[in-house]
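Open the model in your viewer and keep the selection tool at hand.

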Amino acid sequence: MSENSSATPSVPGPGPRDVDALVEDLGAFVTAAPSSYHAAAEAARRLTAAGFTRLDEQQDWPTAPGRYLAVRDGAVLAWIVPEAATPTTPLRILGAHTDSPGFKLKPKSTVVSHGWVQAGTEVYGGPLLNSWLDRELVLAGRLVTRDGATRLAATGPVVRIPQLAIHLDRQVNDGLTLDKQAHTGPVLSVAADAEAAASADVLGVVAESAGVDPAQVDGYDVVVADAQAPARFGAGRGGRGEFLASGRLDNLSSVHAGVVALEQAAAQLERGEQGAAIPMLAAFDHEELGSASRSGAAGPFLEEVLARIQEGLGATAGQRAQALAASWHLSSDAGHAVHPNYPGHHDPANRPLPNGGPLLKINANQRYTTDAPGAAMWAQVCRAAGVPSQEFVSHNAIPCGSTIGPITATRLGIRTVDVGMPLLSMHSAREMCGVDDVAHLRDAVAAFFTAELSA
């Protein structure tokens, strides 16, 4: 672990009450965001309340300095153009993603089987399938009606994926194998007779939760989400709990940190503390699927918004290149803490723990983008924030996943560093992190947005 907390911080570190309030706020954010569309909407709602102006992509955009945001489907970009910004002012971009692995409703989403009404679902991304069993689940997402309007919808706990009793599968504890089609269908209700079966309508339940006539729904993107509220647990922190258990920490923990840090950056500018860059939150959708969509990191959203910002600043093509060459992208996505029950799955020397600070993610094959200049920049940021940091690198025999970092670096050429909060149970329906790391990540992102960097 690279311990930076001994350095003199430029801002005071979080106290217990600050951590408690921040963790509670993260829990509220996750609860308000059962789908990527809800996450983008909640981020936009919070930032609008903080003085950001939401822009329409189909309209001309203002060229004056200020706070702005744009939402495209399940993605949200928000930024601050300082009064002192010029055509060559660099950007500091915090990249994250709004989606999480799980299940998504199929077309013809109502299935009646052996007297049960079930939701027809498709696996979304790479979830830990067994973690979704025997949980009360909600259906949430967006509906597009015949009048062209898009409405967000979220039910209460209405479905569950029941596990087969051990009496009917005596070998289940020797190895559980789930067929993605046959064994993961959530149950919604009982169809006691032919009339009940004929009137069953899974999509209708979703539509009614939004006050929409199901007959008016022409299109939908609806996912399944865990209904259990986030909760603290553990023996530490004076009985308040040193860990947070919650769904969708991968990667709403980073989205939340970016929203809060951007609010802080806006407050600093109000106090007359001019930053040296344009701070931006870029929260994309579809990362769990590879990011290849119009609202994903591999799509054109970020590039188009940057072009419009720099056009507003009067930048020429050469000045735009200068600004991007001086910019930084902090790709923040959750990483792995060392698992005490599976230590052999981790690198023997680099073993990050919860509450030890955010991770600097490194991979020799560029699955993560971190290089020497990026590591040095991250060290400066952590010193400025007064937070510790830990390195993560994969076991050589267990290749790591990837992030939006390499995608953005490839598309735009912006210097990029991969970081994130350490978790256990990543891609479970309910993940866990350390509560101190919620504040550590927020403070590091805030410093990234506003600190003077020598790199």
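What follows is a short walk through this predicted model.

**Stop 1: the largest pocket.** Select H336, F392, C400, G401 and M426. Of the 35 lining residues, these lie nearest the centre of the largest pocket. The volume here is about 760 Å³. Now colour β15 and β19. These elements each give two or more residues to the lining, at 335–336 for β15 and 422–424 for β19. Colour the lining by class next: 13 residues are nonpolar, 15 polar and 7 charged.

**Stop 2: the second largest pocket.** Move to P162, A182, H183, T184 and G185. They are the closest to the centre of this pocket, out of 27 lining residues. The space comes to about 580 Å³. Show β5 (102–113) and β6 (116–124), the elements that give two or more residues to this lining. Which element gives the most? It is β6, with 5 residues. By class, this lining holds 13 nonpolar, 11 polar and 3 charged residues.

Stop 3: How many disulfides does the model have? The count is 0. A disulfide needs two cysteine sulfur atoms within 2.5 Å. For C382, the nearest cysteine sulfur is that of C433, 17 Å away. C433 is likewise in no disulfide, and its nearest cysteine sulfur is that of C382.

Methods
Residues numbered from 1 in each chain as written. Predicted model: local features only at pLDDT ≥ 70, side-chain atom pairs only at ≥ 80, totals over all residues. Heavy atoms only, no water. 1 Å grid on protein atoms, 1.4 Å probe; cavity = no way out; pocket = protein on both sides within 12 Å on 5 of 7 lines; lining within 4 Å. Points joined across faces, edges and corners; volume = space filled by probe spheres on them. Helix = DSSP H or I, 4+ residues; strand = E, 2+ residues; numbered from the N terminus. Nonpolar A, V, L, I, M, F, W, Y, C, P; charged D, E, K, R; others polar.
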